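Here's a quick briefing to read alongside the model. Have the sequence and the 3D view open as you go.

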Amino acid sequence: MIYRELGHTGLRVSIIGFGGMRFFEKDDATADATVQRCLERGINFFETGSYGAGKSEVMLGRALWKACKREDVILADKATACNLPTEDQVRADLEAALERYQTDYFDVFSFWGTNTPEMHDHILRNGPLKAVLKAKEEGLVRAVGLTTHARPEWIRDFADVYPWDMIVLKEHMLYTRQQETIAHLGEKGVGVVAMTPLAGGVICSPGQDLQTELDAAGMSAAQLGLRYLVANPHVTSVISGMTTPEEVDENVLAGETGLPLDDTEAGLVELIRRKTTALSETFCTSCGYCQPCPEEVNIPGIFRLWNLMRGYGNAAYSKLEYQKLCEQRHWADFPGCSAEHCIQCGKCEKRCPEGLPIMEDLKTAHAALTG
Ligand code: SF4
Ligand code: SF4
């Protein structure tokens, strides 16, 4: 297993980490066996939160303390930032999480879902950060972080205005929007943790064309997706939601093979990039020259989701993210307005270097993504 230092914290974490989001759905025996296998295979970094109304922390703590000592593992937990909590609420969330976990301290405690500049400002100015820094002085916390679905440029701003020890962000082989941000954070000495590395399982189910290529290379789509992230030297750890010992065995392979990617792996990543970004029908290069749209239609984002759906052969991720865009969720991967908001002003088409019939293609993409 490869280990990397988490920013400047002095904590050395396994490149493949354990994410506890769906852990509480398992029965106790499977949960215990999964954690045991993680420890046997060298995973020492466990990240969770109050998933399942806190059940994930209870189950993870119980499974860990049966199998190892507290100092053998690095635990990251978090308190929500979405509801703009007070200083007292953050303190109460921290104490409750420690109790559920049956531990005296967290190695990292993060503000969960810091998705907008307003939330980030609130954390810094209105008490939440003060609560965690006080807990740090008391030895209840060793490092402080964020978990976020914010836009890449906002995350760079977050790291520029406060020296976070760790930032957990969404990045995977089909998203690839955080490359510049990951490099920025890495160069600043922030520990970068990639979450949802398999796009909620979408990456595990490619279309038949890609599956044939993967079979020929003797690797699974999940392994390739994890290898894509592990190969980035600025990514400190990749947290994957493993729920069985078999999933652990498959995931750790990505952290045991040498770096950088070999020619076969790099070729497969490039093939997926080409298939999902540069389809002949809609050769949108995501250049962004069509922006801004007066109605804030996210033209490159919509075409990206449409191309992903057709190129990777799995519609689930694209349809879910387009639904979030339509509902203007603040954690959408592609924020802005949906194709329905287009008023046919034609400004974008005049600026598109590819000469795309954007107005017509937006209608087709909308139908496909909502069908
Ligand atoms: S034609 Fe539609 S998408 Fe293009 S700039 Fe105008 S409103 Fe925006
Ligand atoms: S200008 Fe054209 S190619 Fe560039 S992002 Fe917009 S639609 Fe895509």
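Which residues of α12 are buried? They are I299, G301, I302, F303, R304, L305, W306, N307, L308, M309, G311 and Y312; buried means that 20 or more other C-beta atoms, placed from the backbone, lie within 10 Å of the residue's own.

Keep in mind that this is a predicted model, where local features need pLDDT of at least 70, side-chain atom pairs count only at pLDDT 80 or more, and totals for chains, interfaces and linings use all residues. Residues are numbered from 1 along each chain as its sequence is written, while chains are lettered from A and ligands numbered from 1 in the order in which they are written.

**Helix α12**
- α12 covers residues 299–312, and helices here are DSSP runs of H or I with at least four residues, numbered from the N terminus.
- Its 14 residues reach 20 Å from first C-alpha to last, close to the expected 20 Å (1.5 Å times one less than the number of residues).
- Twelve of the 14 are buried, so the helix is mostly covered.

**Around ligand 1**
- Of the 14 residues around ligand 1, the nearest are C293, V297, C342, C345 and C348 (a residue counts if its C-beta atom, placed from the backbone, lies within 6 Å).
- α14 (347–351) and α15 (358–370) are the elements that give two or more residues to this shell.

**Domains**
- The domain assignment, automatic or from a database, gives domain 1 (3–267) and domain 2 (278–370).
- Their centres, taken over C-alpha atoms, are 30 Å apart.
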